[in-house]
Amino acid sequence: MFHLYLPIAGNSVNVLLIFGLGGLVGILSGIFGVGGGFLMTPLLIMIGIPPTVAAASDSNQIVGASTSGTLAHYKMGNVDFKMGMLLLIGGVAGGTLGVQVIKVLRQMGNADFLIRITYVLMLGFVGSYMFIESLQALRKNRTSAKIQKKKSKYAQLISKLPWQTNFEKSGVRLSVLMPLVLGIFVGILAAIMGVGGGFIMVPVMVYLLRMPMHVVVGTSLFQILFTCVDVTIMQSYSNHTVDFILALILLLGSTLGAQFGAKISKRLKGDQLKILLASLVLIVMAKMLLDLLLTPHVMLAFIGGH
Amino acid sequence: MIWSRIRIPVVIMVASFIWHLQLACSTEPATTKFEPNLIAIGTFFNGTQLTVSGKAGVENDVAVVVSGKQEELTLKKKGKALGLLWMNQGDVHFKKVPNFYILYSSIGRMESAATDPNTLEKLGIGFEYLKNEMEIGAPAEERDSLADEFLKLKQNQGLYASHPGEISFEQKNEKEKSFIAKIWIPPQISAGEYQIRVIEIHNGHTVDNLKNQLSVKEEGIPLMLSSLAFNHSLLYGFFAVLIAVAAGLAMDFFFGTGKGGGAH
């Protein structure tokens with residue numbers, strides 16, 4: 001009962017389970033502006049979906065969730081389109097470059113090892129930094145934190161870059177080069193790590209672009225939408241790994257979840273959001289570290305899996 | 001003269017003997033039933049049961065194997081990097097492995113006649129036999145453990161299974177008994193042609209080996225979607241994106257907050 005057959009995954013699934021899973025990940029997506037692939041893909045694999053199909057169908061699902069989430073955040077005035085477009089252009093260029101970089105790395109051998117370790121270390125660093133910083137900010141007076149930010153050497157340095165422009169929604173004045181270069185950086189990393197990049201993009205926007213947390217969430221979702229449209233079409237065309245039925249059930253849950261997530265996000269303060277996201281990043285890091293340390297159940301894996 | 005007198009009775013006797021002989025040989029194949037012969041994968045397909053029933057000698061065992069076509073596979077081998085962290089390390093090629101293999105047998109039951117646990121392997125049936133048959137592109141010392149891991153992976157996928165002692169018997173008379181194998185075909189089975197083998201075993205030897213075809217076909221929405229995904233992949237991709245965006249818009253329309261929420 002309540003089972004549907006997935007023609008591309010080649011398995012049947014419980015509709016209610018998949019719908020619930022979509023809803024849960026949609027809520028996270030709406031709150032934090034992340035795609036949620038880190039959580040969804042392993043859960044789908046666990047219920048018997050082939051790894052490549054799980055990742056590709058998840059991208060299709062994120063298209064729906066991020067459309068819903070972007071709209072919800074847009075209505076709250078949380079989407080900086082100008083910043084988002086620049087990050088996106090950088091991201092696409094970086095992603096294309098990253099695919100070439102990974103080919104070279106794979107030829108050198110043991111690339112997977114380096115990638116995993118870098119990813120775990122980076123998540124650990126970003127997660128811990130965000131956690132400590134937002135914890136301190138929650139304790140301190142907000143105004144004193146703002147004064148501190150203005151004095152930093154980093155702020156002085158970026159103010160000297162050419163082509164300075166105002167990003168009104170974010171309330172910052174920055175060089176156009178900043179989002180472009182950082183977009184390229186995140187694009188390269190996302191391609192190498194094989195992840196959507198939300199986890200890297202959000203801290204980059206908060207700490208390096210100095211954007212307010214709520215605008216970060218909305219803008220990140222806007223950018224994720226375009227990235228996932230590209231991934232869905234490419235995966236459908238080259239690898240035939242997008243299971244539309246699976247994506248449809250997931251996105252019915254996640255688009256609904258994203259609306260609730262955006263409402264929850266609105267009620268939380270920027271630092272509360274940061275500390276929650278930091279905890280999530282640290283959980284993901286711990287999970288990845290455990291995967292590396294614990295003896296696998298089966299010593300063989302399908303190509304393209306985790 | 002004598003020949004012409006006895007010719008007719010002799011011909012009748014020989015014909016009758018041949019007819020009886022044929023009848024005796026064809027008894028089992030004619031009574032073995034396979035139900036169904038065709039499995040349709042529709043929108044709500046969630047696996048199905050295949051029933052194989054027939055008659056066997058009173059002291060015999062029965063095994064039923066459902067197998068798919070042989071394939072070649074390349075998998076990633078997991079190993080320890082720096083003696084600490086588990087990683088995918090290099091490819092392993094497997095050849096001569098069926099894409100689907102499900103075995104049910106009466107061996108292992110209390111009333112089973114077979115005493116030798118290696119009976120099936122000797123007759124070319126079961127996981128041990130598959131292990132010996134598969135070709136693995138790896139050093140000889142790793143062969144055995146890789147073959148075990150391969151079987152484990154396929155069992156986790158639901159594509160391989162072994163059910164010893166899961167064929168039940170009912171005593172018919174002093175010479176024969178009837179058997180019934182209720183075979184679970186998991187939803188992971190893919191469309192294609194499969195072979196069902198029914199093997200009757202006596203004293204470690206095959207006394208009867210019957211083969212039947214099983215067709216698995218997609219129909220309805222699964223057939224439509226997979227043909228679209230493989231034959232018109234770009235269109236399928238655009239269609240998937242379009243529906244996802246439409247769902248996102250619809251959810252915002254029905255459940256979203258109204259305009260003018262204001263920024264923080």
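This is a predicted model: local features need pLDDT of at least 70, side-chain atom pairs count only at pLDDT 80 or more; totals for chains, interfaces and linings use all residues.
Two strands pair if DSSP finds at least two bridges between them.

Strands β5(B) and β6(B) pair in the antiparallel sense, over ten bridges.

Three bridges join it to strand β5 of chain A, residues 300-302, and the two run antiparallel. A:Ala301 has B:Lys76 as its bridge partner in β5(B), and A:Phe302 stands opposite B:Leu75 in that strand. In general, strands of a sheet pair through backbone hydrogen bonds, either parallel or antiparallel.

This pairing leads to the contact between the chains as a whole. Chain B contributes 64 residues to the contact, and chain A contributes 57 residues. About 5,500 Å² is buried between chain B and chain A, and carbon and sulfur atoms give 69% of that area. There are 13 residue pairs in polar contact between the two chains, counting pairs with both residues at pLDDT 80 or more. On the side of chain B that touches chain A, the elements giving two or more residues are β5 (70-81), β6 (85-98), α5 (140-157), α6 (220-231) and α7 (233-255) of chain B. Of these, α7(B) gives the most, with 17 residues. By class, this side of chain B divides into 36 nonpolar, 19 polar and nine charged residues.

Charged side chains can be followed next. Side chains of opposite charge can pair when their charged atoms come close. Between chain B and chain A the count is one salt bridge. It is formed by the side chains of B:Asp252 and A:Lys75, at 2.6 Å from N to O. Over all chains the count comes to eleven salt bridges. One of them joins the side chains of A:Lys287 and A:Asp291, at 2.9 Å from N to O. A:Lys287 and A:Asp291 are separated by about one helical turn because they are four residues apart in helix α12 of chain A, residues 270-293.

Two of the helices named at the contact also pack against each other. Two packed helices are described by the angle between their axes and the distance between the axes. For α6(B) and α7(B) the angle is about 115°, and the axes are 5 Å apart. From α6(B), the contact is made by B:Leu225, B:Leu228, B:Ala229 and B:Asn231; from α7(B), it is made by B:Ser233, B:Leu235, B:Tyr236 and B:Phe239. These residues divide into six nonpolar, two polar and no charged.

Chain B also has open sheets. One has four strands in the order β1-β3-β11-β10, with antiparallel pairing. Its edge strands are β1 (33-35) and β10 (167-171) of chain B, each of which pairs on one side only. The twist from one strand to the next averages 15°. At one end of this order, three bridges join β1(B) to strand β3 of chain B, residues 48-57, in an antiparallel run. B:Glu35 has B:Thr51 as its bridge partner in β3(B).

B:Glu35 has a further feature: a cis peptide bond joins it to B:Pro36, with omega about 0°. B:Pro36 is placed in the loop between β1 and β2 of chain B.

Strand β2 belongs to another open sheet, in which six strands follow the order β2-β13-β12-β4-β7-β9 of chain B with mixed pairing. Here the edge strands are β2 (38-41) and β9 (160-164) of chain B, each pairing on one side only. Neighbouring strands of this sheet are turned by 15° against each other on average, direction ignored. Inside the order, seven bridges join β4 (residues 61-67) to β12 (residues 192-202) of chain B, and these strands run antiparallel. B:Val64 stands opposite B:Val198 in β12(B).

A:Trp163, a residue other than glycine, has a positive phi near 55°. A:Trp163 lies in the loop between α7 (153-159) and β3 (164-167) of chain A.

Technical notes: Residues are numbered from 1 along each chain as its sequence is written. Chains are lettered from A and ligands numbered from 1 in the order in which they are written. Side-chain values use heavy atoms; hydrogens and water are left out. Contact means heavy atoms within 4.5 Å. Buried area is the accessible area (1.4 Å probe) that two parts lose on being put together, summed over both. A salt bridge is a side-chain nitrogen of Lys or Arg within 4 Å of a carboxyl oxygen of Asp or Glu. A polar contact is a pair of N or O atoms within 3.5 Å; within protein, one must be able to donate a hydrogen and the other to accept it, and residues adjacent in sequence count only if both atoms are side-chain atoms. Ala, Val, Leu, Ile, Met, Phe, Trp, Tyr, Cys and Pro count as nonpolar, Asp, Glu, Lys and Arg as charged, and the others, Gly among them, as polar. Axes are lines fitted to C-alpha atoms, for helices over the stretch in contact, and angles run from 0 to 180 degrees between N-to-C directions.
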